[in-house]
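Below are some questions and answers about a predicted model. Each answer works towards the value or name asked for.

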Amino acid sequence: MKEVSAAAVTDMVAKLYQEANFSLPADVVAALKAALAAEESPQGRAVLETLLENSHIAGRNRVPLCQDTGLAVVFIELGRDVHIGGGPLDAAVDAGVARAQREGYLRASMVAGPCFRRQNTGDNTPAVLHLDLVEGDAVRITVLPKGAGSENMSRLAMLKPADGVPGLIDFAVDTVSRAGASPCPPIFLGIGVGGTMDRAAVLSKKAMLRQAKEANPDPALAGLEQQILDRVNDLGIGPGGFGGRVTCLGVALEEEPCHIASLPVAVGIQCNSARRASGSI
Amino acid sequence: MGVTLKPPLSEEDTRALSAGDQVLITGTIYTARDAAHSRLAALIERGEELPVELAGQIIYYVGPTPASPGRAVGSAGPTTSSRMDAYTAAILSRGVRALIGKGERSPEVAAAIRECGAVYLAAVGGAGALLAERVTAAEAVVYPELGPEAVYRFDVVKFPAIVIIDAHGGDLYRSGRERYRR
């Protein structure tokens, strides 16, 4: 049994959460550059150039890429042969998020009592923690600062099995069409299919962790991703919503078994500031 | 490139703008988002004085990150405008000439903008670090207890935005999308 201290988890989360907010992942920068080459609309190209320059400035000035430094979605793959010592894991993660907020001058964007009080928690906690138990003796941590502009435009549908793939595609395209300019296009889509209502939503977040140009290893699902991407880009929303060819930079779809009577579909929208960072202990 | 706007603006200034025009703003603008809008709209509804004079001014929908030492402001890009739709007609009734945010507005807001001869501008969402470089000073002037939701006075230099909804029925989100739809 390997011993990992809760303090080491806190250190890693604090480091990753700041790193994610000050620099875009290399694959996202590459996707923005590819979009710049493909975009026909002058206003769309200007937006893409602005976003690439913004990424440079954020790193240079150590100013967050976006003022919405996100709700802290944290994924942990915990090896079965690891014992976390010195405190509970969820408290260690929250301590890391709070330290990142303080040290990185990030925004405290969380409110407690969303129905009535809506009182800012002051340190951007709690995180939303997804924990998976895996083989081995490592702790792999991935942070996904999730902005509300895109999150608010995400949708979930409990489709009928008879709706099938055409229904799924229509729902995804309609979700982006309704979202329009609000989720800061060009966007990414993370689509979760199957499981229960809650599992489909978690799958859609996990799909967002995939590298921008990486297709689903299943050729049929890869084809479905491409079909959704093409249909979404035909909407013409474009960078910034000012009109253009590139509305979406990538579609990642993940599926899981579901009930014979169900076809849950969660369409998660990620904004152009598609921030994430990973590390292992 | 771009039309220079120096607030306070007249109705003539904003009526001269068309959807798709690039603008560069230099001078003073005011920030407000959900909580500040809710409070200001309640005062307007009761016919009371506002704690800040908004006639001729530009309102920017933004909740910046805290400024790190040596900087005027933290990251400061636009937030989603539709959350302010319910309050916008009231805000425009006090002479606000331009609104900056991102994302579509309701038909009611578009109508109010046309009636007042005002304008709705978008800044690039996701460009908070770049836009922050155009803000030279920031001060919480109303509701400082709201933190990022306070009303700040921003001094800006060549702050870039694009006209989305103009006073003549133009809407870049609609026309841009129509042009590139397949």
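Buried area is the accessible area, taken with a 1.4 Å probe, that two parts lose on being put together, summed over both.

Q: How much area do chain A and chain B bury between them?
A: In this predicted model, 41 residues of chain A are in contact with 40 residues of chain B. Carbon and sulfur atoms carry 56% of the buried area. The area that the two chains bury between them is about 3300 Å².

Q: Which three residues supply more than any other three of the area that chain A buries against chain B?
A: Together these three residues supply 21% of the area that chain A buries against chain B. They are A:Gln67, A:Tyr105 and A:Phe242.

Q: Which residue of chain A forms a salt bridge with B:Glu133?
A: Two salt bridges are counted between chain A and chain B. In the one formed by B:Glu133, the closest N and O atoms are 2.7 Å apart. Its partner in chain A is A:Arg60.

Q: Which element gives the most to the side of chain A that touches chain B?
A: Two helices of chain A, H3 (42-61) and H6 (164-179), are the elements that give two or more residues to this side. The one that gives the most, with eleven residues, is H3(A).

Q: Why is one side of strand S6 and of strand S12 of chain A left without a neighbour in the sheet?
A: The open sheet has four strands in the order S6-S2-S7-S12 (chain A), with mixed pairing. One side of S6 (128-134) and of S12 (277-280) is left without a neighbour because each stands at an edge, with a single partner strand.

Terms used:
Residues numbered from 1 in each chain as written. Chains lettered and ligands numbered in written order. Predicted model: local features only at pLDDT ≥ 70, side-chain atom pairs only at ≥ 80, totals over all residues. Heavy atoms only, no water. Pairing = 2+ DSSP bridges. Contact = heavy atoms within 4.5 Å. Salt bridge = Lys/Arg side-chain N within 4 Å of Asp/Glu carboxyl O.
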